[in-house]
Amino acid sequence: MKDVNMFEIFVESDFCAAHRLNNYRGACENLHGHNFKVEVVVRCKKLNQIYIGIDFKELKKYLKEILSTLDHRYLNEIDYFSKTNPTSEMIAKYIFETLKPRIKDCMLYSVSVYETSTSKVTYTED
């Protein structure tokens, strides 16, 4: 490993899903869907022998595997959301917690979830 300052590696993907927000008191309490966009940022202090922090292909594969568990699903029926609401906040946290153990030699920094092109939430663990 070569010592360097810090690199941020960024990938994005998307998935489609339906949900409803329990106890919301508005239109989002009704069943509706989104084309969610997801951004992941990984921070690496060290690069491997060919100067890569984490391979984009590897990071995209991990993200795709996680998003496949959400894609074209009714999120309220997924176990993780049984005691909470499938809000963008909790979706970002779910993706972060599921992805984090797969990241080796680098640090998962953030997961952002867009409900629309103008509305996103970002989850980090500081």
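**Exercise 1.** By about how many helical turns are Lys61 and Glu65 separated in helix α1? Describe their pairing and the exposure of both residues.

*Solution.* The coordinates belong to a predicted model.
- Step 1: helix α1 covers residues 56–68, and Lys61 and Glu65 lie 4 residues apart in it, so about one helical turn separates them.
- Step 2: between Lys61 and Glu65 the closest N and O atoms are 3.4 Å apart, and the two residues form a salt bridge. The cut-off for such a pair is 4 Å.
- Step 3: Lys61 has 48% relative accessibility and counts as partly exposed. Glu65, with a relative accessible area of 34%, is partly exposed.

**Exercise 2.** Locate Lys100 and Glu125 in the chain, and state how they interact.

*Solution.* 
- Step 1: a salt bridge joins Lys100 to Glu125, with 2.8 Å between the closest N and O atoms.
- Step 2: this pair links distant parts of the chain, its members being 25 residues apart. Lys100 sits in the loop between α2 (88–99) and β4 (107–116), while Glu125 belongs to the segment after β5 (119–124).
- Step 3: Lys100 is partly exposed at a relative accessible area of 43%, and Glu125 is partly exposed at 36%.

**Exercise 3.** How are α1 and α2 oriented to each other, and which residues meet?

*Solution.* 
- Step 1: the axes of the two helices, α1 and α2, come within 10 Å and cross at roughly 130°.
- Step 2: α1 and α2 are therefore oblique to each other, since angles over 145 degrees would be needed for roughly antiparallel.
- Step 3: the crossing of α1 and α2 is right-handed.
- Step 4: from α1, Tyr62, Leu63, Ile66 and Leu67 meet Tyr94, Ile95, Thr98 and Leu99 of α2. Sorted by type, the residues of this contact are 7 nonpolar, 1 polar and no charged.

Terms used
Residues numbered from 1 in each chain as written. Predicted model: local features only at pLDDT ≥ 70, side-chain atom pairs only at ≥ 80, totals over all residues. Heavy atoms only, no water. Salt bridge = Lys/Arg side-chain N within 4 Å of Asp/Glu carboxyl O. Buried < 20%, exposed > 50% of the residue type's maximum accessible area, 1.4 Å probe, protein only. Axes fitted to C-alpha atoms, helices over the stretch in contact; angles between N-to-C directions. Parallel < 35°, antiparallel > 145°, perpendicular 65-115°, else oblique. Left-handed = near helix turned anticlockwise from the far one by under 90°. Contact = heavy atoms within 4.5 Å. Nonpolar A, V, L, I, M, F, W, Y, C, P; charged D, E, K, R; others polar.
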